[in-house]
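User: I have just opened this entry and would like a guided tour. Could we go through it step by step?

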Amino acid sequence: MYIGKVIGTVVSTIKIDHLDGRKLLLVDQLDLRGNETGSYDIAVDVVQAGPGDTVLVIDEGNGARQILGIDPGAIRAVIVGVVDEVALSE
Amino acid sequence: MKFGRVIGTVVATRKVEGFEGVKFLVVQLLDEDLRPEGEPQIAADATAQAGPGELVFMVGSREAAQALPEIFVPADLAITGIVDEVDVERGVRRAQPTAVWHSPADDED
């Protein structure tokens, strides 16, 4: 999983069935200082996140299918949490 | 999933079982600002409706095959949707993360 920042939304009418009714957000991966890295993902949102939110993203198929309750499911990236705080010890 | 721009088509008559009826397209991967990034790749079109010039998004690795009619096929990139609109939010909210960050390096400042 990684911490990312929602930087936008993606709208699509023609898409595979697995994505029907799902909200797609554009997420930029953050480094450990909270800076954007330029590495991005179009992720399915299940926690009502929105642009500007710092979020927790899983980028793995089995976890994504489990959360979304679909199998087969051609989805990897899912926003699974909205981050309130990050504390680093070293 | 990543953005891509369809730049061509691929026709293969002889192919492995399970790929019957699957359309292959040449796709240029794009960065988040929709600028070309890396080398073009070949993607299986799971929407069956994408065509040259279109902005699409794609799923890679094992999940690519799961988008296709036959899920046990050797595909590592599949087009899963055609993009209508991308809204990128710029400005203050984008500049600063909403979460609070605590790190030793910040404490020393």
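Analyst: Two strands pair if DSSP finds at least two bridges between them. Strand 1 (residues 2-10) and strand 4 (residues 55-60) of chain B are joined by four bridges and run antiparallel. Please note that this is a predicted model.

User: Which residue of strand 4 is the bridge partner of G4(B)?

Analyst: The partner of G4(B) in strand 4 of chain B is V56(B). G4(B) also has a bridge partner in strand 2 of chain B, namely L29(B). Strand 1 and strand 2 of chain B run antiparallel and are joined by six bridges.

User: How do strand 2 and strand 3 of chain B run, parallel or antiparallel?

Analyst: They run antiparallel: four bridges connect strand 2 (residues 24-29) with strand 3 (residues 41-45) in chain B. In this pairing, V27(B) has Q41(B) as its partner. Strand 3 of chain B also pairs with strand 5 of chain B, through two bridges, and these two run parallel. There, A44(B) is opposite A78(B).

User: How many helices and strands does chain B have?

Analyst: Chain B has three helices and six strands. Along the sequence their order is β-β-β-β-α-β-α-β-α. The chain has 109 residues, of which 29% are buried. Among contacts in chain B with a separation of 6 or more, 51% link residues 24 or more positions apart.

User: Let us turn to the two chains together. How many residues of chain A are in contact with chain B?

Analyst: On the chain A side there are 38 residues, in contact with 35 residues of chain B. Strand 1 (2-15), strand 2 (23-30), strand 3 (36-45) and strand 6 (85-87) of chain A each supply at least two residues of that side. Strand 1 of chain A gives the most, with 10 residues. By class, the chain A side has 19 nonpolar, nine polar and 10 charged residues.

User: Which strand of chain B is joined to strand 1 of chain A?

Analyst: Strand 5 (residues 77-88) of chain B is joined to strand 1 of chain A by six bridges, and the two run antiparallel. Within that strand of chain B, D87(B) stands opposite T9(A).

User: What about the nonpolar core?

Analyst: The largest nonpolar core has 47 residues, and those with the most contacts inside it are V27(A), A43(A), M58(B), A64(B) and A78(B). Strand 2 of chain A provides the largest share of this core, five residues.

User: What is A78(B) in contact with?

Analyst: Setting aside neighbours within four places in sequence, A78(B) is in contact with A74(A) from the other chain, and with A43(B), A44(B), A46(B), M58(B), V59(B), A64(B), A67(B) and L68(B).

User: Where does P40(B) lie?

Analyst: P40(B) is in the loop between strand 2 and strand 3 of chain B. Not counting residues up to four places away in sequence, P40(B) touches I7(B), V26(B), V27(B) and Q28(B).

User: Why is P40(B) classed as partly exposed?

Analyst: P40(B) is partly exposed because 16 other C-beta atoms lie within 10 Å.

User: Where are A48(B) and S61(B) found?

Analyst: A48(B) is in the loop between strand 3 and strand 4 of chain B. S61(B) is in the loop between strand 4 and helix 1 (63-66) of chain B. A48(B) is partly exposed, as 14 other C-beta atoms lie within 10 Å. S61(B) is likewise partly exposed, with 14 other C-beta atoms within 10 Å.

User: Finally, what pLDDT does chain A average?

Analyst: Chain A averages 93, and 100% of the residues score at least 70. In chain A, the mean is lowest in strand 6, at 91, and highest in strand 5 (residues 77-82), at 96.

How values were computed:
Residues are numbered from 1 along each chain as its sequence is written. Chains are lettered from A and ligands numbered from 1 in the order in which they are written. This is a predicted model: local features need pLDDT of at least 70, side-chain atom pairs count only at pLDDT 80 or more; totals for chains, interfaces and linings use all residues. Two residues are in contact if their C-beta atoms, placed from the backbone, lie within 7 Å. Ala, Val, Leu, Ile, Met, Phe, Trp, Tyr, Cys and Pro count as nonpolar, Asp, Glu, Lys and Arg as charged, and the others, Gly among them, as polar. A residue is buried if 20 or more other C-beta atoms lie within 10 Å of its own, exposed if 12 or fewer, and partly exposed in between; C-beta atoms are placed from the backbone. pLDDT is the predictor's confidence in each residue, from 0 to 100. A nonpolar core is a set of buried Ala, Val, Leu, Ile, Met, Phe, Trp, Tyr and Cys residues joined through C-beta atoms within 7 Å.
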